[in-house]
Amino acid sequence: MWSRSLARMRKHNFIRILEKDSWRRWICSEPRKRFAALWGNGDYGRLGLSSLESQWRPVVCSSFENQSLKAIACGGAHTLFLTAMASVRIEAHNNPRPLTETGRVYATGLNDFGQLGISENTSYTLEPHEVSGLGKEISQISAGYHHSSAITGEELVGYMCRTLVKVLSSRKGVTVDGELYIWGKNSHGQLGLGKKAAKVIPVPTKVECLSGIFIKLAALGSEHSVAVTVDNAKVLSEYTPRLIKKLEGIKVKTAAAGLLHSTCIDENGCVFIFGQRAVDKMVVQDRNNVTTPSLVSELPYSEDVACGGYHTCVVTSGGELYSWGSNENGCLGIGSTDVCNSPEKVQGPFAESPVYKVSCGWKHTAAISEGNVFTWGWGGSNGTFSDDGHSSGGQLGHGNDIDYIQPTMVNFGKNVRALEVSCGFNHTGAILEYV
């Protein structure tokens with residue numbers, strides 16, 4: 001099976017995708033067009049490459065040849081794409097034309113619980129389809145294991161966001177965006193739509209309980225969701241969103257959701273974590289009460305956080321990367337598979353270059369440093385690789401499916417810079433630009 005797949009990939013030049021001629025189809029003459037590359041397990045079309053084949057190295061998603069992308073979100077077995085606001089001209093068959101459609105969401109992959117938001121009757125798709133029912137421009141997307149979300153409106157951050165929302169809210173007749181739409185599996189109330197909501201919601205539905213509240217980001221886990229408002233964080237569980245009391249009065253700037261745990265960072269760079277498996281073996285200030293946020297005291301001022309299956313990663317303001325938790329398959333990137341009960345600094349290539357962003361899959365991790373993507377952890381087949389065998393992986397993008405216990409750079413070739421990276425269960429995606 002895999003020998004045939006590899007031969008077919010070589011024939012179409014998919015393996016050597018980063019050679020100059022291979023990229024020219026997708027890259028516009030403007031240097032700032034942003035595009036998506038994906039790799040890993042291809043089941044149910046989650047890579048959006050018009051096939052079910054897994055890819056052990058990054059492959060460009062050609063569906064967005066005439067569009068520029070802003071974000072990508074990889075879920076359990078599906079992927080979301082968000083188009084960017086840009087005025088670039090695309091060279092397609094010597095017929096330049098402008099980009100006009102912006103802030104739209106597309107989805108590909110498994111749709112067994114309506115997580116694609118396209119149709120209840122479609123079990124999966126091999127290529128991205130536009131998500132239906134989102135009439136407004138979207139600023140942020142998130143993908144959980146079986147559910148998805150989108151937030152409307154312009155992307156605003158920090159004090160300017162809070163000030164603008166208050167100004168607009170005081171004006172009669174002006175509608176403030178920042179509305180949260182959510183869809184997919186709802187078996188445990190993870191969509192926040194109330195007790196009477198169906199167990200499957202196949203189309204984007206506004207979370208009415210949060211009407212009038214500006215939502216700046218949402219983080220989706222396996223069967224729970226976290227929404228960050230301008231002022232506080234709310235958990236979408238117990239059927240409707242509820243305020244996290246211990247964080248009341250604390251300005252949360254970002255949050256992440258994993259399999260059974262969540263984390264957030266406040267405006268002072270402090271990291272809070274909650275969830276049973278996340279703190280069972282951790283050194284936290286309030287270990288006896290794992291159902292409420294506990295401060296992780298060992299960390300410097302933090303900027304970004306990501307949660308995986310049973311591990312967590314944090315990027316500090318100085319570009320340092322810390323990880324802790326379960327270390328199956330080397331997903332912590334510390335050069336071993338030892339469990340870490342407290343944050344440990346990830347060295348390797350990051351000892352010399354700062355980390356910009358991080359993302360965690362079930363048992364693998366990806367980070368961006370100086371425009372390069374580094375991956376490590378579970379490769380897909382627990383250390384075995386065979387052209388004729390069956391593999392569920394390739395999510396590290398190194399041309400095989402073995403495990404890596406230290407950060408290793410993914411080869412994108414020259415003149416390509418990574419801006420965003422997202423890890424799914426066993427696939428990975430990145431937003432890149434040609435420089």
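I checked S50 and found it partly exposed, because its relative accessibility is 42% (buried means under 20% relative accessible area, exposed over 50%, partly exposed in between, with a 1.4 Å probe and protein chains only). S50 sits in the loop between β1 (34-40) and β2 (55-60); strands here are DSSP runs of E, at least two residues, numbered from the N terminus. Its phi is near 65°, a positive value in a residue other than glycine.

A note on ground rules: this is a predicted model, where local features need pLDDT of at least 70, side-chain atom pairs count only at pLDDT 80 or more, and totals for chains, interfaces and linings use all residues. Residues are numbered from 1 along each chain as its sequence is written, and side-chain values use heavy atoms, with hydrogens and water left out.

I then turned to E370, which also is not a glycine and has a positive phi of about 50°. I located E370 in the loop between β26 (364-369) and β27 (372-377). E370 is exposed, because its relative accessible area is 61%.

Next, the rings. My search of the whole structure gave ten aromatic pairs (rings of Phe, Tyr and Trp, the last by its six-membered ring, with centres within 6.5 Å; planes under 30 degrees apart are stacked, over 60 edge-to-face, the rest tilted). F64 and Y106 are edge-to-face, because their planes stand at 85°, with centres 5.4 Å apart. This pair links distant parts of the chain, 42 residues apart: F64 is in the loop between β2 and β3 (69-74), and Y106 is in strand β7 (residues 105-110). F64 is buried at 3% relative accessible area, and Y106 counts as buried at 10%.

I also noted Y145 and F425, an edge-to-face pair at 5.8 Å centre to centre with 80° between the planes. Here the partners are 280 residues apart, Y145 in the loop between β9 and β10 and F425 in the loop between β29 (416-423) and β30 (427-434). Y145 is partly exposed at 33%, and F425 is partly exposed at 22%. Ring pairs join Y145, F425, W362 and W378 into a cluster.

Last, a sheet. Which strands form the open sheet, and in what order? I read four, β9-β10-β11-β12, with antiparallel pairing (two strands pair if DSSP finds at least two bridges between them). β9 (138-143) and β12 (200-206) are at the edges with a single partner strand each, so one side of each has no neighbour in the sheet. Between β10 (residues 147-152) and β11 (residues 180-185) I found five bridges, and H147 has G184 in β11 as its bridge partner.
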